[in-house]
Amino acid sequence: MSEANPPSDANVRPRIGEGRIGSFLCAAIGILSVAAVLCLRFPAFLTTPELRPHYDVELLRLVLAVSMVIGAGLGVLSLMLGGPRLRVAIGLSGLFLAMLLGGPYVHYTDFAQPRFYFGLDWLVLDLFFTGVAFVFLEFAFPRVRPDQLPLREGWRLDLGYFGVNHLAIGVFLVVSTHFAHDYFGWAVNPWVQAHVVALPGVLRFVLVILAADAVEYASHRAYHEVPFLWRIHAIHHSPEAMDWLSGSRLHFFEPLVTRAFVLVPVFLLGFPQDTIFAYLIFISVQSVLIHSNIKMNVGWLRYVVVTTQFHHWHHASDAEAIDKNYTAHTPLFDLLFGTWHLPADRWPVRYGTIKPVPGGMIGQFLHPFVGPVTDFREHRNK
Ligand SMILES: [Zn+2]
Ligand SMILES: [Zn+2]
């Protein structure tokens with residue numbers, strides 16, 4: 001998949017009453033509706049077994065039905081206002097196809113779980129709920145870049161990464177679970193695990209955050225300081241605009257490897273399911289928030305949790321910020337090891353890599369493996 005040019009009107013701020021916002025929402029709801037109905041129709045191959053027990057399917061069916069009605073209404077309204085017809089046509093066609101496939105109340109029968117599946121349910125739910133929440137938040141709160149629009153340059157590429165990295169959740173789960181069990185099973189200590197389980201819930205949560213962040217710090221620093229690993233991680237640093245979607249730009253190997261290593265201490269310490277679930281909710285919100293185009297001042301909390309400003313400085317290509325702020329959840333390890341950089345009242349001037357990386361997804365996937373030999377000795381493209 002390559003990065004296409006944005007539509008001609010993407011750089012012009014949309015206004016209420018033009019039909020452009022409605023046409024985009026109609027297209028998005030139409031496409032997501034087809035994907036959602038496919039999940040309901042083929043759950044064996046398109047849904048994630050680890051997530052299914054947490055669903056309230058009837059509530060999700062209702063949300064889908066209401067969204068489809070809203071999508072159709074927005075499409076018709078957009079046409080009446082003279083909005084882009086192609087987007088409305090895509091949206092209404094999607095809604096029609098979703099109904100042909102059975103609609104929100106399509107039935108499914110019991111099934112045997114196949115070995116391989118796509119996490120289309122995770123993609124649809126996360127994109128719908130995170131997208132709605134953060135597009136609203138980025139408009140509601142003061143922005144780091146006030147003039148930046150949701151359809152900024154590169155959004156298609158980042159949406160593509162969002163899709164691939166969500167569809168592949170099954171691969172990530174299988175690899176990380178096997179890695180921890182197969183290579184570190186010998187290190188399991190029942191005495192340690194019994195003490196961890198006996199801790200109060202809040203302390204268990206703090207412990208899982210610190211354990212994960214210790215691995216995040218070490219692996220993230222390696223990605224910056226080992227030249228070959230930097231060529232993989234440079235993809236994540238390539239967006240020159242930061243928003244809720246830009247953090248999705250990750251070379252396929254990076255979440256695969258990082259999650260496998262992060263799961264090791266989580267597995268060894270034997271955290272119960274409720275702690276792991278709370279941890280997963282926390283990191284999935286925090287990982288989007290820290291890339292978002294939201295300017296917030298959290299006071300002394302900046303010394304306790306990784307904030308948007310903290311991670312924006314990590315993505316800065318300003319000289320003062322190179323190789324700083326490695327942690328993902330709390331700045332503790334950056335404070336301890338001298339890599340903490342957080343000017344109180346300033347935000348970076350520039351984001352992105354100093355040397356450009358290829359623009360499309362395939363070029364970026366191959367980036368670590370091709371190119372002049374001298375490039376492989378370079379660190380952080382200084
Ligand atoms: Zn980095
Ligand atoms: Zn990032």
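These are my notebook entries on what I looked up in this structure, which is a predicted model.

**Entry 1: domains**

I began with the domain assignment. It gives domain 1 (20-117) and domain 2 (170-377) for the protein chain. I then took the C-alpha centres of domain 1 and domain 2, and they lie 32 Å apart.

**Entry 2: nonpolar cores**

Next I looked for the largest nonpolar core. It has 58 residues. I noted the ones with the most contacts inside it: A28, L32, A36, C39, L120 and V124. Helix α1 (residues 20-41) gives this core its largest share, 13 residues. Both domains take part, as the core draws at least three residues from each of domain 1 (20-117) and domain 2 (170-377).

Which residues does C39 contact, leaving aside its neighbours within four places in sequence? I found L46, T47, L120, D121 and V124. Two of these names, L120 and V124, I had already listed with C39 for the core.

I also found a second, separate core. It has 10 residues, including I209, V262, F267 and Y279.

**Entry 3: α1 against α3**

I turned to a helix pair. Two packed helices are described by the angle between their axes and the distance between the axes. For α1 and helix α3 (residues 57-80) I read an angle of about 145°. Their axes are 8 Å apart. The crossing of α1 and α3 is left-handed.

I listed the residues that meet. From α1 come G22, S23, L25, C26, I29, G30, S33 and A36. From α3 come L64, S67, M68, I70, G71, L74, G75, L77 and S78. What kinds of residue make up the contact of α1 with α3? I noted nine nonpolar, eight polar and no charged.

**Entry 4: around α2**

I looked up P43, which lies in helix α2 (residues 43-46). Is P43 buried or exposed? It counts as buried, because 22 C-beta neighbours lie inside 10 Å and the cut-off for buried is 20 or more. Not counting residues up to four places away in sequence, P43 touches Y108 and F111. I also checked P43 against W186, 143 residues apart along the chain. Their C-alpha atoms are separated by 36 Å.

Then I moved to L51, in the loop between α2 and α3. L51 has 13 other C-beta atoms within 10 Å, so it is partly exposed. Beyond residues up to four places away in sequence, L51 touches D121 and W122. L51 and D121 are 70 residues apart in sequence, yet 8.6 Å apart in space, C-alpha to C-alpha. D121 is also in contact with C39.

**Entry 5: helix α10**

How many of the 11 residues of helix α10 (residues 227-237) are buried? I found nine, and the helix is mostly covered. The buried ones are L229, W230, R231, I232, H233, A234, I235, H236 and H237. I looked at what covers them, and it includes α9 (201-225), α11 (253-269), α13 and α15.

**Entry 6: T308 in α13**

I followed α13 to T308, which is found in that helix. T308 counts as buried, because it has 20 C-beta neighbours inside 10 Å. M296 is 12 residues apart from T308 in sequence and 7.6 Å apart in space, C-alpha to C-alpha.

**Entry 7: two positive phi angles**

I checked the loop between α13 (308-315) and α14 (332-337), where D323 is found. D323 has a positive phi of about 60° although it is not a glycine. N325 is in the loop between α13 and α14 as well. N325 has a positive phi of about 55°, and it is not a glycine either.

Their surroundings I noted separately. D323 is partly exposed, with 14 other C-beta atoms within 10 Å. N325 counts as buried, with 24 C-beta neighbours inside 10 Å.

**Entry 8: V349**

My last stop was V349, in the loop between α14 and α15 (361-366). Is V349 buried or exposed? I found it exposed, because it has 10 other C-beta atoms within 10 Å. V349 and E254 are 95 residues apart in sequence and 26 Å apart in space, C-alpha to C-alpha.

How values were computed. Residues numbered from 1 in each chain as written. Chains lettered and ligands numbered in written order. Predicted model: local features only at pLDDT ≥ 70, side-chain atom pairs only at ≥ 80, totals over all residues. Core = buried A, V, L, I, M, F, W, Y, C linked by C-beta atoms within 7 Å. Buried ≥ 20, exposed ≤ 12 C-beta atoms within 10 Å, placed from the backbone. Helix = DSSP H or I, 4+ residues; strand = E, 2+ residues; numbered from the N terminus. Domains from an automatic or database assignment. Contact = placed C-beta atoms within 7 Å. Axes fitted to C-alpha atoms, helices over the stretch in contact; angles between N-to-C directions. Left-handed = near helix turned anticlockwise from the far one by under 90°. Nonpolar A, V, L, I, M, F, W, Y, C, P; charged D, E, K, R; others polar.
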